Amino acid sequence: ESASAGEGRGVAGEGRRSDAMRAASRGTGKDRVGRSSKGRRGCPSAPRPTASRAGADGRQRVVGARSSVTPSSSSSSDVKATDFLRSHLKTLAPYTPIEPFEVLSQKLGRAPGDIVKLDANENPYGPPPAVLEALGTMRFPNIYPDPECRRLRGLLAEYVGVPAENILVGCGADELIDLLMRCVLDPGDTIIDTPPTFTMYAFDADVNAARTVQVPRLDGFRIDVDAVCDAVLEHSAKILFVTSPNNPDGGVISDADLKRLLDLPCLVVLDEAYIEFASEESRSGWVLERENMVVFRTFSKSAGLAGLRVGYGIFPTDLITYLWRAKQPYNVSAAAEVAACTALENVEYMDTIRDLLVGERGVMMRQLETISYLEPYKSHSNFILCKVKEGMDAQDLKQRLQDRYGVMVRHYNKALLKGYIRISVGMPEQTQILMAALRDIDDDH
């Protein structure tokens with residue numbers, strides 16, 4: 001529906017431009033930006049310089065020359081590109097992404113294959129092999145992709161267990177977070193964030209000139225449900241973001257706590273990017289019964305498609321209508337849709353890889369508990385958060401693992417997480433390298 005509406009707007013726009021150009025050719029006295037044919041708006045028309053040139057027959061032709069008038073350096077120097085920038089963006093702190101293999105390889109002087117990358121919660125096994133085959137034989141890359149991702153949404157409906165009409169696909173779940181904010185939030189509106197958690201919520205709120213009210217988590221990284229309820233009511237918040245399993249600690253929210261939050265007068269967004277690694281079931285189906293609930297999921301983790309950027313959201317029927325109108329028409333590439341569809345046609349492979357990672361998570365947890373300076377937290381995801389005990393600096397530990405051993409782990413330069421590192425679950429051989437490095441440091445310690 002929205003795609004066809006978008007097509008209609010485009011055609012109408014072309015028609016209006018054509019009418020304007022035809023009117024201009026009939027001498028309406030206006031050009032396409034509404035300026036008078038007598039000169040620039042507010043400026044008298046200068047005499048047009050002319051020149052005489054001989055034609056092939058020897059006759060003189062009068063030719064209109066280009067204007068010799070140029071903008072003065074004094075006036076142009078007073079205008080800067082940033083003068084037109086939205087004022088709130090001038091103080092926006094940039095998001096800090098993880099560096100890719102190629103950059104790390106150059107920085108560390110190591111071949112990509114010699115780097116143990118456990119800093120971004122990526123799936124080390126990658127997507128099902130059939131995905132690479134499908135990408136290699138992809139047809140029609142010269143044609144724009146389906147703006148509605150109909151085939152993918154049909155497969156997702158079977159996978160998730162909700163109607164395709166409630167599903168919207170994005171260029172990663174990150175795009176959908178931003179899209180939802182653009183549709184729901186006016187400048188100055190409030191969202192509730194529960195740090196430490198996924199930092200894109202606060203970042204996108206800043207981009208959209210919204211206000212973020214932070215309700216820090218309790219000991220053990222549990223959500224302070226009472227404080228969240230108070231904050232929503234006090235600040236008339238429009239959106240509450242809840243991540244389960246939570247990044248960076250891997251904890252999950254209980255049904256009872258989630259139901260309390262859903263009784264609040266705000267939109268509750270449940271981010272389930274890591275749900276495939278948890279023993280708990282997805283709450284995607286709850287959206288069909290709750291008009292104020294949205295669930296986000298992704299192909300980046302369990303499907304191993306982080307590099308192709310495919311995420312999806314489950315939305316209430318009334319809300320999704322407006323998201324369709326506001327989203328970019330070709331937001332998911334043809335290659336990304338082919339990869340995601342092929343992954344869903346190979347769910348058994350993804351389940352096998354998930355089981356391998358969950359099993360390796362248990363192995364890694366037991367071994368991390370033997371390191372004297374680390375305190376690992378139980379996780380329901382594909383990573384483990386570790387508190388770095390007194391006597392060892394977390395930032396220094398991260399740097400030593402990187403520079404000396406080529407092992408990448410995540411450290412956050414934020415007050416609530418300065419004393420922690422997060423380690424992604426990798427293959428058994430990567431766990432062995434990681435643990436050998438940690439034991440070596442433990443011996444020095």
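Tutor: The following dialogue treats helix packing and then the cavity of this predicted model.

Student: How are two packed helices described?

Tutor: Two packed helices are described by the angle between their axes and the distance between those axes. Here, the axes of helix α5 (residues 150-161) and helix α11 (residues 334-344) come within 9 Å and cross at roughly 30 degrees. Angles under 35 degrees count as roughly parallel, and α5 and α11 are therefore roughly parallel to each other. Their crossing is left-handed.

Student: Which residues of α5 and α11 make the contact?

Tutor: α5 contributes R150, R151, L152, L155, L156 and Y159, while α11 contributes E337, A340, C341 and L344. By class, the residues of this contact are 7 nonpolar, no polar and 3 charged.

Student: At what angle do the axes of α4 and α11 cross?

Tutor: The axes of helix α4 (residues 129-136) and α11 cross at roughly 145 degrees and come within 9 Å. The crossing of α4 with α11 is right-handed. A130, V131, A134 and L135 of α4 meet A335, V338, A339, T342 and A343 of α11. This contact divides into 8 nonpolar residues, 1 polar and no charged.

Student: How many cavities of 30 Å³ or more does the structure hold?

Tutor: There is 1 cavity of that size.

Student: Which residues line the largest cavity?

Tutor: The lining consists of Y159, E276, T298, F299, S302, A303, Y312, L344 and M350. These divide into 6 nonpolar, 2 polar and 1 charged. Y159 and L344 belong to this lining and also to the contact of α5 with α11.

Notes
Residues numbered from 1 in each chain as written. Predicted model: local features only at pLDDT ≥ 70, side-chain atom pairs only at ≥ 80, totals over all residues. Heavy atoms only, no water. 1 Å grid on protein atoms, 1.4 Å probe; cavity = no way out; pocket = protein on both sides within 12 Å on 5 of 7 lines; lining within 4 Å. Points joined across faces, edges and corners; volume = space filled by probe spheres on them. Nonpolar A, V, L, I, M, F, W, Y, C, P; charged D, E, K, R; others polar. Axes fitted to C-alpha atoms, helices over the stretch in contact; angles between N-to-C directions. Helix = DSSP H or I, 4+ residues; strand = E, 2+ residues; numbered from the N terminus. Parallel < 35°, antiparallel > 145°, perpendicular 65-115°, else oblique. Left-handed = near helix turned anticlockwise from the far one by under 90°. Contact = heavy atoms within 4.5 Å.
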